[in-house]
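Thanks for coming. I will go through one structure, taking the helix packing, then the ligand site, then a few backbone details.

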Amino acid sequence: MAYERESIQRMSGYVPGKQPASPTTVKLNTNENPYAPSPAVMRALHGIEPDSLRRYPEPMSLAFRELAAQTHGVGANEIVAVNGGDELLRLAITTFVEPGRPIGMLEPSYSLYPVLAQIHNSPIIGVAAGQGFGVPEDFAARMNQAGVALTFLVNPHAPSGLLTSKAAIAKIARELNSVLLVDEAYVDFVDPERAHDLLPLLREHDNILFLRTMSKGYSLAGLRFGYGMGCASLIAPLLEKTRDSYNVDVVAQRLAQAAMADRGYAQDTWRRVREERTRVRAALLALGCLVPESQSNFLLAQVPGDKSAPQALAALEAGGILVRYFPAPRLDTALRITIGSPEQNDKLLSLLGVILR
Ligand SMILES: Cc1ncc(COP(=O)(O)O)c(C=O)c1O
């Protein structure tokens, strides 16, 4: 006897990246930061007293929100803390999408979006990305036409790393007559020379919701902590109504706060990742892979020659290196490779060189 809702029976779940079989595996498949979190985070962890575990956490994550507000130049009432960015995606759906109303997204993008839409029994309005994975000019018009209640747009784009400009995002927010969730999971890795900062848009558009995560930029994927930012009226229902009462545990709140307070440490890891991104891309190009320029902490490499992407994936895995493969249109000839430490990247490049020779 199956007790699930029909829509749950019909769908497949999200497929997470593989976990390594051995501690020596080079794990370049889930876009983790290759560097350890700040020592201040580890000190905060060791400083957790038994009594703070005995009690419920502060329900609104106020201390973190105040610090993040200061950091980003917004108000604490414009921030909601969540149990990983993924929770914000789910919360946005719960809050803004009447069950059965469509959810919009660029295709391809983060493979969790369609899964969450299916859980909600919402039709998916997928608009194909342009050449080079850009957002088509008529993106917002098509979403409006389809009557979407919420649109997901990841920027920098995953899995290509392409950055869409502030002007283009502002135009989409202006044209859309529903909520635009701009998923900035990877924004920390954008070149500082680009002076890319979309946050002022939350003052100009009452329908724009930003997703941030501590998983990538702050090396805390194991912790599960993220946050959303938007104008106070957009954030209020998430903060006061749809969120679980204690959605972020006490350890996560304290450690996320310690990490953000030591942002300089994190920024140094972003710089190191950017330097390696340039080097690894050049090496992949030299191996004959087509690799779009990425503003993220990963590269999407088209596998050249007579090897298929699944063959290259399997050969890398046999050599102790995990990368990500998506069996989906436009992605099934490529591998998505997380930027690792210089040593990890060297191992990847040398084995890939052998595989593609
Ligand atoms: C595009 C994108 N958005 C959001 C997330 C969510 O990150 P987390 O739930 O770890 O904060 C991820 C994680 O891989 C991602 O790739």
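Let me start with helix α5, residues 85–96, and helix α10, residues 232–242: their axes come within 10 Å and cross at roughly 95°. Please keep in mind that this is a predicted model. An angle from 65 to 115 degrees counts as roughly perpendicular, and α5 and α10 are therefore roughly perpendicular to each other. On the α5 side, the contact involves Leu88, Leu91, Ala92, Thr94, Thr95 and Phe96, and these meet Leu234, Pro237, Leu238 and Thr242 in α10. By type, the residues of this contact of α5 with α10 are seven nonpolar and three polar, with no charged ones.

Next is helix α11, residues 250–261, which packs with helix α2, residues 39–46. Their axes are 8 Å apart, and the angle is about 150°. How do α2 and α11 run relative to each other, roughly parallel or roughly antiparallel? Angles over 145 degrees count as roughly antiparallel, so that is the description for α2 and α11. The crossing of these two helices, α2 and α11, is right-handed. From α2 the contact takes Ala40, Val41, Ala44 and Leu45, and from α11 it takes Val251, Arg254, Leu255, Ala258 and Ala259. Eight residues of the contact between α2 and α11 are nonpolar, none is polar and one is charged.

Helix α11 also packs with helix α4, residues 62–72, at an angle of about 20° and with the axes 9 Å apart. An angle under 35 degrees counts as roughly parallel, and α4 and α11 are therefore roughly parallel to each other. What is the handedness of the crossing of α4 and α11, left-handed or right-handed? The crossing of α4 and α11 is left-handed. Here Ala63, Phe64, Leu67, Ala68, Thr71 and His72 of α4 meet Ala256, Gln257, Met260 and Ala261 of α11. The contact of α4 with α11 divides into seven nonpolar residues, three polar and no charged.

Now the ligand. Which residues are around the ligand? They are Gly84, Gly85, Asp86, Tyr110, Val154, Asp183, Ala185, Tyr186, Thr213, Ser215, Lys216 and Arg224. In threonine 213, an N or O atom of the side chain is 2.5 Å from a ligand oxygen. For serine 215, the distance from a polar side-chain atom to an oxygen atom of the ligand is 2.6 Å. For lysine 216, the corresponding value, again from a polar side-chain atom to a ligand oxygen, is 2.8 Å.

Last, the backbone. Most residues other than glycine have a negative phi, and most peptide bonds are trans. Which peptide bonds are cis here? One runs from asparagine 155 to proline 156, with omega near 0°. Another joins alanine 158 and proline 159, where omega is about 10°. Proline 156 is in the loop between β5, residues 150–154, and α8, residues 166–175. Proline 159 lies in the loop between β5 and α8 as well.

As for phi, asparagine 31 is not a glycine, yet its phi is positive, about 55°. Asparagine 31 sits in the loop between β1, residues 26–27, and α2. Helix α2 is the one already described as packing with α11.

That is what I have for today.

Key
Residues are numbered from 1 along each chain as its sequence is written. This is a predicted model: local features need pLDDT of at least 70, side-chain atom pairs count only at pLDDT 80 or more; totals for chains, interfaces and linings use all residues. Side-chain values use heavy atoms; hydrogens and water are left out. Axes are lines fitted to C-alpha atoms, for helices over the stretch in contact, and angles run from 0 to 180 degrees between N-to-C directions. Helices (H or I, at least four residues) and strands (E, at least two) are DSSP runs, numbered from the N terminus. Contact means heavy atoms within 4.5 Å. Ala, Val, Leu, Ile, Met, Phe, Trp, Tyr, Cys and Pro count as nonpolar, Asp, Glu, Lys and Arg as charged, and the others, Gly among them, as polar. A crossing is left-handed if the near helix is turned anticlockwise from the far one by less than a right angle, and right-handed if clockwise. A residue is near a molecule or strand if one of its heavy atoms lies within 4 Å of it. A polar contact is a pair of N or O atoms within 3.5 Å; within protein, one must be able to donate a hydrogen and the other to accept it, and residues adjacent in sequence count only if both atoms are side-chain atoms.
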